[in-house]
Amino acid sequence: MSRSKIIGIDLGTTNSCVAVVRDGEPTVIHNKEGNRTTPSVVAWMGNGDFVVGTPAKRQAVTNAKNTVTAIKRLIGRSYNAPELEQIRSRLPYTVFAAPSGDTWVRLDVGQGLELSPQEVSARILEHMKQIAEDFLGEEVHEAIITVPAYFDDAQRQSTRDAGEIAGLKVRAILNEPTAAALAVGLHQNQKRQRVAVFDLGGGTFDISILQIEQGVFEVLATSGDTLLGGDDFDRTLIDVIAAEFEREHGIDLTVDPIALQRIKEAAERAKIELSTATSTDVNLPFIAVGSTGPLHLTREVRRDELVALCQQLLTRLEAPCRTVLIDSRLAPRDIDHVVLVGGMSRMPAVQAKVEEIFSRKPSKGVNPDEVVAVGAAIQSAIMGGDLKEMVLLDVTPHSLGIKVAGDNMSVIIGRNTTIPTREMKTFGTTEDEQDFVSVEVYQGEHAAVGANRKIGRFILGDLPKRPAGHVRVEVSFTMDADGIMHVSATEKTSGKAATVKIQTTGGLSRGEIEGLATTHATERHKGAGSLGG
């Protein structure tokens, strides 16, 4: 295999896309249906077979409990995370807390099939890999996979694990806004430009500001909301439709997985149609059965009504944008271009909000569904030696630090620090005769560690027994370009040190990942399992 056959995959919440560079130009690869995006949907049948993509989405209504959608919202997340409570209650399939505390999926197949989000994501990645192989006429073994810029360490590592299970060597985890900027800036002139990449997809929202000059792509700041996306806009309409039906007929459609899936699909279609039309109809015959017989759901939805319903969501777009401007020390007038990414950016009300925030009309010269995959392909071609070298200077999206006295967090690497980087701080012991320190590593923006996410812990022992504050320990954080962090602690007098590589496994052990990768490889070799087109 030539070095150039590293593919770029945009693993989206709603749709996924794969691209490759051929003869110096990025190409988005179409699937068997002739579409350049593929639904990020996996469904399992009673006999254990599964389908991926469009075939899975088509049968979602009749097989709702075994059709997994929006898995990107669950990957690398704790089941008990407060922000997931509302999402869990609206999923047609069952989720539960795995022994690791992560969110897993349970399906009504056989005796009950239990799957990690990494396994489900691997099925989608395998499908995208196959699409690329059919197009290229050869096997693909390496990929760059994109993730939201605001994904934390656990979510990134879980995505990497999914790629490994799918039989891919993941050459890099690339931030989606950075990928989009690569695609936009590939053929631009060498003059310095400051670009805001506004990425509102099916399940996540990112906003990044980059400076592009003479082949250097420098991320100045990034912010976002990993629980804000198109699914939430759909949900506002779903809630209104279901509530009106219950008031009229006394039947709660949201407790019926099939009815809920039908409403969800109708709401999504209506939302999309309202990007170009001022009104549309939701028409769902035989949605339920009442005392007098079959009941039908028919309703007009107007664009202005949808905008009014989504005002709170539209308002949530503002804070991350204000934050990223402050962190980059720029004003809206300093931004040369605002690039729209993600299907939700087609909504006129979203575009109006972007114009309001940045005081300029956003650029519409790129396909928001494909630009991230194109950027990933460009980066893969740079790695493969097919395109001239361009320098990417990315940042860490979250602050990183350690727990100190009073359950406070002492930040060592602040958010939006350019990586790779190395930072250090010196701390004193807090008790007399203290002969060890426990170094607990957290990521997040809260002063109290309990509100942040713990990502590692290690012990530095055999310290000299002295009065409190007389033993000084230097803690050093080193983060490489791939976002992998090494933490060390050194006692200043004796030089005694301890170190650990912080590499969250997303709840799956190395043995589990390797076992799943072997199982999936065997299935691929036999051609078993997937019926997807």
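Biologist: Which residues in α5 are buried?

Modeller: This is a predicted model, by the way. In α5, the buried residues are E176, P177, T178, A179, A180, A181, L182, A183 and G185. Buried means under 20% relative accessible area, so each of them falls below that cut-off.

Biologist: What does α5 lie across?

Modeller: It lies across β13, β14, β15, β18 and β19, and runs at about 40 degrees to β14. Those strands belong to an open sheet of five, in the order β18-β13-β14-β15-β19, with mixed pairing.

Biologist: Why are β18 and β19 called edge strands?

Modeller: Because each of them, β18 (337-341) and β19 (391-393), pairs on one side only. From one strand to the next, the twist averages 25 degrees.

Biologist: How do you know that β13 pairs with β18?

Modeller: Pairing needs at least two bridges. Five bridges join β13 (residues 193-200) to β18, so the two count as paired, and they run parallel. As for who faces whom, V197 stands opposite V339 in β18.

Biologist: Now a loop: where is G461 found, and what does G461 touch?

Modeller: G461 is in the loop between β24 (453-460) and β25 (472-479). Leaving out residues up to four places away in sequence, G461 touches D435, F436 and K496.

Definitions and conventions
Residues numbered from 1 in each chain as written. Predicted model: local features only at pLDDT ≥ 70, side-chain atom pairs only at ≥ 80, totals over all residues. Heavy atoms only, no water. Buried < 20%, exposed > 50% of the residue type's maximum accessible area, 1.4 Å probe, protein only. Helix = DSSP H or I, 4+ residues; strand = E, 2+ residues; numbered from the N terminus. Contact = heavy atoms within 4.5 Å. Axes fitted to C-alpha atoms, helices over the stretch in contact; angles between N-to-C directions.
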